[in-house]
Amino acid sequence: MNEPIRFHFDVDGENFSSAGEASVTVKKRLRQLGYPPDVIRKVSVAMYEGEINMVIHAHGGEADIEVGKSEIVIILRDKGPGIANVDLAMQEGYSTARDNIRALGFGAGMGLPNMKKYTDSMHIDTEVGVGTTITMKVLL
Amino acid sequence: MTLTELIDALSLHVVCPPSSPEREVRNVYVGDLLSRAMSRLQADDLWITIMTNTNVVAVAELTDVAAVLLAEDVALLPDAVHAAQDNGIAVLSSEKSAFELCRDMAHILKANA
């Protein structure tokens, strides 16, 4: 495998029913490609949390996944409100999710912490009123 | 123990049948907050929850749980039923509370150890 494999998804910001579809699709493809369970788990958790965040907070966005020789790169871009205080957002248990979102089982304040925990690197590029791009890498 | 044995032992209702009835259940996790469940669930776990929307199916799919067990007779929402069927996710239910199900599972797992 010389050329990286790329996936692109438009994440629908209005539809909670389909939230997670991009992550499930990537997981299935990685399994078909024969990647080990621990790698698949890391990518699945990180991408799902990111995907859900885009739906909850940013009216959707785009997800790009690049599967290379030595790493899997996940890039999530949105044009949402941005993250005002990244340090606070990274704290476990901190959440700005609304009550109707919490009723669905979200809003545990574990999204960003899980993304960091399950990837080998994570970079957050965010600007209030402009949007957020999160780049995560899982090493192979 | 297998899913078939589990369904029999706990008298569970089958909401969406398992694609692999002989799959072994290794452990149990209880929880309704999806990010916590996502982080803690392991492959082949039985996940006991009272959440009923499609996101339960997505988390179950991503974590490779053996089955979702809905406590207190909560009903999976129709689009979640379809998603579970499409993805081959086993969904079971019981009128018992999460505590009662855990208590019974502990007895069973101990007896099978």
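Predicted model: local features only at pLDDT ≥ 70, side-chain atom pairs only at ≥ 80, totals over all residues.

Let's start with chain A. Its five strands form an open sheet in the order β1-β2-β3-β5-β4, with antiparallel pairing. At the edges sit β1 (5–12) and β4 (121–127) of chain A, each of which pairs on one side only. From one strand to the next, the twist averages 10 degrees.

Chain B has an open sheet of five strands too, in the order β1-β5-β4-β3-β2, but here the pairing is mixed. Its edge strands are β1 (13–16) and β2 (27–30) of chain B, and each pairs on one side only. The twist in this sheet averages 25 degrees from one strand to the next.

| Strand pair | Sense | Bridges | A facing pair |
|---|---|---|---|
| β1(A) and β2(A) (residues 60–67) | antiparallel | eight | A:Ile5 and A:Val67 |
| β3(B) (residues 45–49) and β4(B) (residues 67–70) | parallel | four | B:Thr49 and B:Leu70 |

**Helices of chain A**

Which strands does α2(A) lie across? They are β1, β2, β3 (71–78) and β5 (131–139) of chain A, and the helix runs at about 5 degrees to β3(A).

Helix α1 of chain A takes up residues 21–32. Its 12 residues reach 17 Å from the first C-alpha to the last, close to the 16 Å expected at 1.5 Å a residue. Buried residues in α1(A) include A:Val24, A:Val26 and A:Leu30, and A:Lys27 is buried as well. What do the buried residues of this helix pack against? In chain A they meet β1, α2 and β2, and from chain B they meet α3 (54–63). Just after α1(A) comes A:Gly34, with a positive phi of about 90 degrees.

**A look at one residue**

A:Ile72 is found in strand β3 of chain A. Is A:Ile72 buried or exposed? It counts as buried because it has 26 C-beta neighbours inside 10 Å, and the cut-off for buried is 20 or more. Leaving aside neighbours within four places in sequence, A:Ile72 is in contact with A:Val43, A:Ile65, A:Val67, A:Val138 and A:Leu140. As for A:Ser121, it is 49 residues from A:Ile72 in sequence, and the two are 11 Å apart in space, C-alpha to C-alpha.

**The core**

The largest nonpolar core has 69 residues. A:Val43, B:Trp47, B:Ala67, B:Val68, B:Leu69 and B:Val91 are the ones that touch the most other members. Helix α2 (residues 37–57) of chain A supplies the largest share of this core, 10 residues. Over in chain B, B:Ala67 touches B:Leu3, B:Pro18, B:Leu46, B:Ala90, B:Val91 and B:Leu92, if you don't count residues up to four places away in sequence.

**Where the chains touch**

How many residues of chain A are in contact with chain B? There are 18, and they meet 16 residues of chain B. On the chain A side, α1, α2 and α5 (111–117) each give two or more residues. The most come from α2(A), with five. Sorted by class, this side of chain A has nine nonpolar, seven polar and two charged residues.

Definitions and conventions: Residues numbered from 1 in each chain as written. Chains lettered and ligands numbered in written order. Pairing = 2+ DSSP bridges. Axes fitted to C-alpha atoms, helices over the stretch in contact; angles between N-to-C directions. Core = buried A, V, L, I, M, F, W, Y, C linked by C-beta atoms within 7 Å. Buried ≥ 20, exposed ≤ 12 C-beta atoms within 10 Å, placed from the backbone. Contact = placed C-beta atoms within 7 Å. Expected span 1.5 Å × (residues − 1). Nonpolar A, V, L, I, M, F, W, Y, C, P; charged D, E, K, R; others polar.
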